[in-house]
Amino acid sequence: MILTTHTSVAIQCSQCGELEFHGLSLFAFSGKGRVNLYCRCGESLISVATRDRKYFNTSFNCAFCGQVHYLRLKRSACWGKNALPLVCPEVEASAGFIGPKQKVTQACQEREKSIAELASELGYEDEFENPEVMLKLLDHLHCLAKDGALGCQCGNHNLTFELLPDRIELYCDICEAVGVIYGENAENIRIFEGMTAVNLDENKTVLLNCTQHGRFRKAIEEE
């Protein structure tokens, strides 16, 4: 009988959206009985704890709904032959996987979707005033985030965003800067897709892709 002692964890970060890969050894639970894995941005990804190394209490921060989900898993599920999905019950989608490295990598490739595809599947598309424009803006935003090209002049590189019917709003949680990406027409797409990086102005609200009334890249002081 072969006892597998190493497994792989792949999970999407709830803060920056990056898909993170980590190795997890059964021997890491000796003594302390808990392993916490973190994203490169510093956000907590998943916590695994055990008392007897037979059952593992697992909690992960969900990139889809923002909540923490809890699972109680047998050792054979975590250190087994197949990739175990870490499912978000709210949207019924896998935020990550645990299992053999090859199986986990394959599962991630099959589920990899752009933010636009995910927004469409979750029904956000029906809420947009101009779905075609908004989905293209989301795709480019996803590319910028993957390239590490989103940030704020205050030094924060972990921006959050909110989807609204006619725009996307980027937020800096440190200095409260805001970047507004309008999704009204094709010109908004052209301007935003021409950007290779986005840096918010510290403590200010900036219109990132709007030319109406000469407002493009004009910084507006917060009231």
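Which residue takes a positive phi in the hairpin of β5 and β6? Hold that thought for a moment while I set things up.

What we have here is a predicted model, where local features need pLDDT of at least 70, side-chain atom pairs count only at pLDDT 80 or more, and totals for chains, interfaces and linings use all residues. Residues are numbered from 1 along each chain as its sequence is written, and side-chain values use heavy atoms, with hydrogens and water left out.

Okay, the strands. Strands pair if DSSP finds at least two bridges between them.

Look at β5, residues 55-61. Five of its seven residues are buried, so the strand is largely enclosed by the rest of the structure. Buried here means under 20% relative accessible area, with a 1.4 Å probe and protein chains only.

On one side, β4 (residues 44-49) runs antiparallel to β5, joined by four bridges; Val-48, for instance, partners Thr-58. Five residues sit between these strands in the hairpin, and there Arg-53 has a positive phi near 60°.

β5 also runs antiparallel to β6, residues 68-74, through seven bridges, with Ser-59 partnering Tyr-70. And back to my question: it's Gly-66, with a positive phi near 80°, in a hairpin with six residues between the strands.

Last stop, helix α4, residues 131-146. Its buried residues include Val-133, Leu-137 and His-140. Just after α4, Gly-148 takes a positive phi of about 70°. That's my tour, thanks!

Terms used
Buried means under 20% relative accessible area, exposed over 50%, partly exposed in between (1.4 Å probe, protein chains only). Helices (H or I, at least four residues) and strands (E, at least two) are DSSP runs, numbered from the N terminus.
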